[in-house]
Amino acid sequence: MAAAAGVSPTTVSHALNNRGRIAEETRVRVLTAARELGYQANVHAQQLVTRRSRIIAIQMPALEVSQGPALPHSAYFLDLINGAAAAADSARYALVVTPSGGKADIFGSFAIDGAIIVDPQGNEPIFSAGAPIVTVGVALCETHDVLAVDNDHATAARIVLDHFAENGYSRPAMVADDTRRSYVDDVLSGYRSWVRERSAQEMIVMASPDQNAMDHVIRRLRDGRADAVYASSDDLALAMLDAALRAGIRVPHDLAIAAAVDSSSLTLTSPQISATNLFPFSTGGTAAHLLIERLENVSLAADTRLIPTQFIPRASSATSV
């Protein structure tokens, strides 16, 4: 191939692997020759030279009381994985999905180059492996020099609460899951600051989405005379709507509902549920790109990349009457 392109073998290697300082014209000539000759890179040879497997992992969070191998059911996480997989594939990397509580020795066992940790606590064993890491969300105990991808959940919460107020709801409550995740803390922070600025009553209920818990939440919201509720997840919003309907509460006439995480399931209800789109596909893709950049450019500085959000109003938070 070097002879066909009229360059040295070293130049061919740099052009095919996008390395070194070579003229764009030379790079194009090498790639054209490779295509005409039907060249395909020997992946195993590249791994031996670079000492990289071109495999990255994405570790899902623990959302249940007990640590286990199951992956989260939320559509948010599926979109996140798909975004990371698409970005990895475009950069010629493979993506391995691991459940919560992943062990640090996965790097040695499967020759993984780096990892994306979703909703990290900060004490996951994988942090001790010494491999490059990007987090989706910020670790609650910030002890690691890692890149992060996140949303401005506090501002997103304030946008939803403003929407409630503009539609005539003056006593919003916050229902959040009790998992220790930074995004829940940020949503609660946005809610608390909004309520404090308006000297409104703070109503925060921590709950799981099971039926008994939601029935208890509905009773508490009634006692507190809440007229709107912002749920920290799509699952909680769905459970909240179901509990409200069982209790004879009209949505949105008696109680407006919105979710901090959007999913297609929120459009299948009656009424459809308002929600904040966190653009998980873009989030996963950005996390994978950052990890690959760090793998190929170790000088990349630690930083947090914010993905914009978009509030989508639906019938569940229409104007109160």
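Ser53 sits in the loop between helix H4 (43-50) and strand S1. Helices (H or I, at least four residues) and strands (E, at least two) are DSSP runs, numbered from the N terminus. Is Ser53 buried or exposed? Ser53 is buried, because its relative accessible area is 12%. Buried means under 20% relative accessible area, exposed over 50%, and partly exposed in between (1.4 Å probe, protein chains only). Along the chain, Ser53 and Ala94 are 41 residues apart. Their C-alpha atoms are separated by 8.9 Å.

A word on the model itself. This is a predicted model, in which local features need pLDDT of at least 70, side-chain atom pairs count only at pLDDT 80 or more, and totals for chains, interfaces and linings use all residues. Residues are numbered from 1 along each chain as its sequence is written, and side-chain values use heavy atoms, with hydrogens and water left out. pLDDT is the predictor's confidence in each residue, from 0 to 100. The chain average is 84, and 79% of the residues score at least 70. Residues 43-50 stay under 50. For them the model has 7 contacts beyond four places in sequence. Contact means heavy atoms within 4.5 Å.

Next, the sheet. Strands of a sheet pair through backbone hydrogen bonds, either parallel or antiparallel. Here, 6 strands form an open sheet in the order S2-S1-S3-S4-S5-S11, and the pairing is parallel. Two strands pair if DSSP finds at least two bridges between them. Which strands lie at the edges? They are S2 (94-98) and S11 (304-306), each pairing on one side only. Strand S1 (residues 55-59) runs parallel to strand S3 (residues 114-118), and 4 bridges join them. Ile56 has Gly114 in S3 as its bridge partner.

Now look at helix H3 (residues 24-36). Its 13 residues should span 18 Å at 1.5 Å a residue, and its end C-alpha atoms are 18 Å apart, which agrees. The expected span is 1.5 Å times one less than the number of residues. Which residues of H3 are buried? They are Thr26, Arg27, Val30, Ala33 and Ala34. These residues cover an arc of only 130° around the axis, so they lie on the same side of H3. The arc is that of the directions from the helix axis to the C-beta atoms. The face turned away from this buried side carries the exposed residues Glu24, Glu25, Arg35 and Glu36.

Finally, the whole chain. The chain has 11 helices and 12 strands. Of its 321 residues, 48% are buried.
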